[in-house]
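Work through the exercises below with the sequence and the 3D structure in view. Try each task before reading its solution.

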Amino acid sequence: MAEELVIAQSSKEEKYRTLLPQAKALCTGEPNLTANLANTAAALKMTFDFFWVGFYLVENDELVLGPFQGPIACTRIAFGKGVCGSAWKQDETLVVPDVDAFPGHIACSSDSKSEIVVPVRKNGRVVAVLDVDSSALNDFDQIDADHLNELCEWLGTHCF
């Protein structure tokens, strides 16, 4: 696929429906994990203009910063700590409407106001998490959760 992204100019749902096949096409046939995660983060950032989009990869007992789009981020996050570590520990998607209200939130940036974190699984084990931050409160909903879960399920099966 060419390095061009078609972005729907309508609803959030339509943006995801347009984006997901393109994100999958960007990764199909490319064996390099870093390239695939970098393009996926860029496609999400370009489509939705999120504040921060990126991946943390499981390494031993912590998450280590992987490809991302946005300002400088926390490099390592312990198992069960913050939103990312909690999503990893609980092995479930976490939607946080107000990060300041999340117990133990790790503030990599004070500009982040809401967040969604989605586990990426390979063979039933969490191998990474997709972390998406917004500078607006309550910016994520079930539409985001459904589509980002679909994307992360595909990534875990085809890229890791």
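**Exercise 1. Find how many cavities of 30 Å³ or more the whole structure has, and describe the lining of the largest cavity.**

Step 1. The search of the whole structure gives 1 cavity of 30 Å³ or more. A cavity here is a set of points on a 1 Å grid over the protein atoms alone where a 1.4 Å probe fits but cannot get out. This is a predicted model, in which local features need pLDDT of at least 70 and side-chain atom pairs count only at pLDDT 80 or more, while totals for chains, interfaces and linings use all residues. Residues are numbered from 1 along each chain as its sequence is written, and side-chain values use heavy atoms, with hydrogens and water left out.

Step 2. The largest cavity holds about 190 Å³ of space. Its volume is the space filled by probe spheres set on the points, with grid points joined across faces, edges and corners.

Step 3. The lining has 19 residues, and Ile106, Cys108, Glu115, Asp131 and Asp133 lie nearest the centre; a lining residue has an atom within 4 Å of a point. Two or more lining residues come from each of strand E1 (52–59), helix H3 (82–90) and strand E6 (125–134). Helices (H or I, at least four residues) and strands (E, at least two) are DSSP runs, numbered from the N terminus. H3 gives the most, with 3 residues.

Step 4. Sorted by class, the lining has 11 nonpolar, 4 polar and 4 charged residues. Ala, Val, Leu, Ile, Met, Phe, Trp, Tyr, Cys and Pro count as nonpolar, Asp, Glu, Lys and Arg as charged, and the others, Gly among them, as polar.

**Exercise 2. State how many residues of H3 are buried, and name what covers them.**

Step 1. Of the 9 residues of H3, 7 are buried (buried is under 20% relative accessible area, exposed over 50%, partly exposed in between, with a 1.4 Å probe and protein chains only). They are Gly82, Val83, Cys84, Gly85, Ser86, Ala87 and Trp88.

Step 2. The cover includes E1, strand E2 (62–69), strand E3 (76–78), strand E4 (94–96), strand E5 (114–122) and E6.

Step 3. Just after H3, aspartate 91 has a positive phi of about 55°.

**Exercise 3. Decide whether alanine 41 is buried or exposed, and list its contacts.**

Step 1. Alanine 41 lies in helix H2. Because its relative accessible area is 0%, alanine 41 is buried.

Step 2. Leaving aside neighbours within four places in sequence, alanine 41 is in contact (heavy atoms within 4.5 Å) with Val53, Phe55, Pro67, Phe68 and Gln69.

Step 3. Alanine 41 and valine 132 are 91 residues apart along the chain, and their C-alpha atoms are separated by 9.1 Å.

**Exercise 4. Describe how helix H1 packs with helix H4.**

Step 1. H1 (residues 12–27) and H4 (residues 142–158) pack at an angle of about 10°, and their axes are 10 Å apart. Axes are lines fitted to C-alpha atoms, for helices over the stretch in contact, and angles run from 0 to 180 degrees between N-to-C directions.

Step 2. H1 is therefore roughly parallel to H4 (roughly parallel is under 35 degrees, roughly antiparallel over 145, roughly perpendicular 65 to 115, and the rest oblique).

Step 3. The contact of H1 with H4 has 9 nonpolar, 1 polar and 6 charged residues.

Methods:
1 Å grid on protein atoms, 1.4 Å probe; cavity = no way out; pocket = protein on both sides within 12 Å on 5 of 7 lines; lining within 4 Å.
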